Structures are given as structure tokens and as C-alpha cells.
Amino acid sequence: MQNKFSNDEYPPSEDTFFIANNIENEKGKYALDIGSGSGYLTKLLTENFSLVVGTDINCEVLQHQSSYKTQNLICCNGSDALKIKFDFIVCNLPYLATDQILDIATDGGFEGFEIPKKIFDSAIKNLEECGKFVFVTSSLSNYQKLIDYAQKLGLKTRIIAKKKLFFEELILVEAVN
């Protein structure tokens, strides 16, 4: 996918472009980007959705989005501050398996599961019936545990894409309500 936007103070990661390549044709009424970061995915979603909301736990990151800045940015944990239902939710999870959470943007806790679980618990209440939740995880985490948890929440899951990198494999999962 060609980069549709210029560089940003917080440039999109390899994960972000991987996700973008697989969601650029999603369409609907309401979309949510949890962990908006650079804002690249949030901006991409505005092309095919009537209302797009981006959330991030780091207010400074949201304040410094420039090239990809959109309206409707909210600083909160997951989607805890939101009360509406979304057709489509996307999240570049902090999935790295770590003993401690040193970087909230990347560290997922034990087995890469603790923080993603909190995000799932937050997002599930905002997912419309028949809505899609697409998330990226990694071979460096216990991604099967994440998939199993999504299924425990009543979501139908499938791996929609994989991408080998030098030190890991990115795994994109679709979970349908």
C-alpha cells in the first residue's frame, strides 16, 4: 500500500502498514481505532466510515499527531470513555510478552496477554452486533491465548493475514461479534 499521508512526528510502524493493507476496504457507519498512535489508521478509516473515533492512553501522542490528525480523538484506556457501538474496531495491540510494563505502547505483560485482555474487555461493550474487531498480535506473544479469549467473549475469530519479519511474525486476527 502506498503511504497516502506525509511523515509525522510519530511515524507509523511496520505493524500499522500491515494492518492498513488489510483494512483499507472496510466500510461502515462507525469505526474505532484503539491505540491511535500516529493517527494513520484513524485517518485511513475516515475514507470509508461516517464517524471515526481514535483513542490512545497517551494524551501527548494524540496532541502531537500532525499529518494524520483527525477529529474525535479521545485520551482514555481502550474504549472506556465511549458509550456508542461501532461496526468496526481496529487495534494495534501492545502485544510483546514482558515481565513488567515499561512501555504501554508495546508491552503486553505476561505472555503478551495482560494488557490486550484489558483492551478486549473494554472494546467488547462497544462492538455492534455483527461488528468486526481486527487486531494485530505477534509470534512473540501467546497469540493463541488471545484468540481463545476472544472466542470466550463470544467472538468468532479467524487469522486473516500473517507477515514474517526478521525476528517475529505479525498475525492479524478478525473477531466478529
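Which element gives the most to the lining of the largest pocket? I looked this up and found H4, with three residues.

**Ground rules.** I am working on a predicted model, where local features need pLDDT of at least 70, side-chain atom pairs count only at pLDDT 80 or more, and totals for chains, interfaces and linings use all residues. I number residues from 1 along each chain as its sequence is written, and my side-chain values use heavy atoms, with hydrogens and water left out.

**Pocket.** I noted about 800 Å³ of space in the largest pocket. The lining counts 37 residues, and those closest to the centre of the pocket are Gly-35, Asp-56, Asn-92, Ala-105 and Thr-106. Two or more lining residues come from each of helix H1 (14-23), strand E1 (28-34), helix H2 (40-45), E2, strand E4 (86-92) and helix H4 (114-123). I sorted the lining by residue type and got 19 nonpolar, twelve polar and six charged. For that sorting, Ala, Val, Leu, Ile, Met, Phe, Trp, Tyr, Cys and Pro are nonpolar, Asp, Glu, Lys and Arg are charged, and the others, Gly among them, are polar.

Pocket terms: on a 1 Å grid over the protein atoms alone, a pocket is an open set of points with protein on both sides within 12 Å along at least five of seven lines, and lining residues have an atom within 4 Å of a point. Grid points are joined across faces, edges and corners, and the volume is the space filled by probe spheres set on the points. Helices (H or I, at least four residues) and strands (E, at least two) are DSSP runs numbered from the N terminus.

**Salt bridges.** I count five salt bridges, each a side-chain nitrogen of Lys or Arg within 4 Å of a carboxyl oxygen of Asp or Glu. Side chains of opposite charge can pair when their charged atoms come close.

I looked at Asp-121 and Lys-117, whose closest N and O atoms are 2.9 Å apart in a salt bridge. Both lie in helix H4, four residues apart, which means about one helical turn between them. Asp-121 is partly exposed at 32% relative accessible area, and Lys-117 is partly exposed at 29%. Here buried means under 20%, exposed over 50%, and partly exposed in between (1.4 Å probe, protein chains only).

Next I took Glu-174, which forms a salt bridge with Lys-132 at 3.5 Å between the closest N and O atoms. Glu-174 is in strand E9 (residues 169-176) and Lys-132 in strand E7 (residues 127-138), so this pair ties together parts 42 residues apart in sequence. Glu-174 also meets Arg-158 in a salt bridge (3.0 Å, N to O). Arg-158 lies in strand E8 (residues 156-164), so this second pair ties together parts 16 residues apart in sequence.

Is Glu-174 buried or exposed? I read a relative accessible area of 8%, so Glu-174 is buried. Lys-132 is partly exposed at 25%, as is Arg-158 at 49%. I also noted that Glu-26, Lys-132, Arg-158 and Glu-174 are linked in a network of salt bridges.

**Other look-ups.** Ile-57 sits in the loop between strand E2 (49-56) and helix H3 (59-63) and is partly exposed at 45% relative accessibility. Lys-29 is in strand E1 and is partly exposed at 49%. I read 36 Å between the C-alpha atoms of Lys-29 and Thr-98, which are 69 residues apart along the chain.

Key
On a 1 Å grid over the protein atoms alone, a cavity is a set of points where a 1.4 Å probe fits but cannot get out, and a pocket is an open set with protein on both sides within 12 Å along at least five of seven lines; lining residues have an atom within 4 Å of a point.
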